[in-house]
Amino acid sequence: MPAAVPALSLSVTDRDQIERWLCAQNTPQQVALRSRIVLAAAAGQSDSAIAADLAINRKTVMLWRARFAAQGLTSLWAIAPGRGRKATYDGAKIKAIVDTTLQTRPEGMTHWSCRRMAARQGVSKSTVSTIWRSHHLQPHRVTRFKLSRDPHFLEKLTDVVGLYLNPPQQALVLCVDEKSQIQALDRTQPGLPLKKGRCGTMTHDYKRNGTTTLFAALEVLEGRVVGQCYERHRHQEFVKFLRTLEHEFPGTVPLHLVLDNYGTHTHPTVRAWLARHPRFVLHFVPTSSSWLNLIERWFGELTGKRVRRGSFANVDELQQAIQEFLAAWNEHPKPFVWTATVQRIQEKLARCRQTLEQIQPGSTQPRRRRSNALSS
């Protein structure tokens with residue numbers, strides 16, 4: 001009678017990791033099978049019993065029991081040399097496709113497509129797609145950015161981020177901005193509703209029925225938003241909105257307002273009003289840095305969830321829709337939590353500036369005001 005095989009030694013940490021692999025949906029089946037063998041062996045089951053339960057050969061159980069005992073967790077993901085499908089193309093061909101994608105452009109065009117690159121390199125489009133995915137290349141996509149050239153960028157950045165991460169005691173922080181030129185677009189035909197197997201539809205053309213401007217303030221701590229629509233966005237409307245904020249947040253608690261550098265925010269009339277109301281403290285984000293103002297994130301929520309898919313016969317309907325969204329948001333407000341530190345932002349921007357300076361020297365230097373004096 002064969003001697004009983006001792007149970008495989010398995011630590012708590014290794015057991016937890018193996019169980020997470022088994023629960024994960026993207027774990028390869030071969031790794032899952034090996035993990036089940038190890039767990040069963042650690043439970044004291046014999047090789048024959050494990051093989052019968054998993055419908056595999058007993059020698060396979062013996063193999064992975066021995067490998068795990070000798071090499072640990074890493075052995076479960078190991079692929080033996082010579083196994084698997086052989087690569088159709090060598091490293092030189094892959095490098096040629098990647099270098100061509102990064103360093104060249106097709107004639108008369110701005111970027112490569114899978115089919116055009118496949119025709120150039122003499123491979124299939126699926127091969128190009130696979131190589132691009134493995135190298136995280138997406139030539140068809142582009143993201144927009146604007147690097148601030150404000151000479152006082154660092155001090156403004158530190159001021160605003162400090163308000164988010166360490167808000168002052170006994171004070172409220174409000175992110176204020178205006179979303180101008182919100183169009184009341186009326187679709188030329190009614191869209192089809194959502195149904196199984198088909199998304200909702202809307203016509204590509206529309207009729208413009210006027211615009212409105214939304215002044216809004218986001219309370220950073222609770223996420224509540226105060227908003228008011230106006231026909232225009234001059235300094236007169238901004239002063240009216242400041243009075244609205246004074247009414248919404250009564251008392252003597254200081255109100256710290258995060259603003260951009262729009263001209264109405266520094267108009268002499270606005271400055272005079274602020275001088276008579278010292279509880280309002282203004283903090284300006286650097287130029288071309290609207291991403292620092294959290295109210296812009298809320299504007300994205302408004303646009304994506306209420307305005308973009310809406311159809312409005314007139315401006316009044318648009319303003320009513322905005323007020324309905326405001327009311328629904330404030331029933332269960334959700335604050336936006338700022339997590340990026342000044343150091344992390346500076347490190348990222350330093351890498352960006354380094355790359356831009358290599359492409360165009362001087363493109364990231366602070367802007368200087370041009371002198372109007374005539375040169376002699």
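Let me start with a convention: two strands are taken to pair if DSSP finds at least two bridges between them, while helices (H or I, at least four residues) and strands (E, at least two) are DSSP runs numbered from the N terminus. What we have here is a predicted model, in which local features need pLDDT of at least 70, side-chain atom pairs count only at pLDDT 80 or more, and totals for chains, interfaces and linings use all residues. Residues are numbered from 1 along each chain as its sequence is written, and side-chain values use heavy atoms, with hydrogens and water left out.

On confidence, pLDDT being the predictor's own score for each residue from 0 to 100, the protein averages 90, and 96% of the residues score at least 70. Residues 371-376 stay under 50, and for them the model has zero contacts beyond four places in sequence, a contact meaning heavy atoms within 4.5 Å. Where pLDDT is low, the predicted coordinates should not be read in detail.

Now the sheet, which is open and mixed, with five strands in the order β3-β2-β1-β4-β5. Because β3 (225-230) and β5 (280-284) stand at the edges with a single partner strand each, one side of each is left without a neighbour in the sheet. From one strand to the next the twist averages 30°, where axes are lines fitted to C-alpha atoms, for helices over the stretch in contact, and angles run from 0 to 180 degrees between N-to-C directions.

Strand β1 (residues 172-187) runs parallel to β4 (residues 255-259), joined by four bridges; Leu172 stands opposite Leu255, and Leu174 has Leu257 as its bridge partner. With β2, β1 pairs in the antiparallel sense over eleven bridges, and there Val176 stands opposite Ala217. Helix α11 (residues 295-307) lies across β1, β2 (206-219) and β3, at about 25° to β1.

Finally, the pockets: on a 1 Å grid over the protein atoms alone, a pocket is an open set of points where a 1.4 Å probe fits, with protein on both sides within 12 Å along at least five of seven lines, and lining residues have an atom within 4 Å of a point. Of its 21 lining residues, Thr143, Phe145, Lys348, Leu349 and Cys352 lie nearest the centre, and helix α13 (residues 342-359) supplies the largest share, eight residues. The second largest pocket holds about 360 Å³, and among its 15 lining residues the closest to the centre are Thr101, Leu102, Thr110, His111 and Pro139.

Terms used
Grid points are joined across faces, edges and corners, and a volume is the space filled by probe spheres set on the points.
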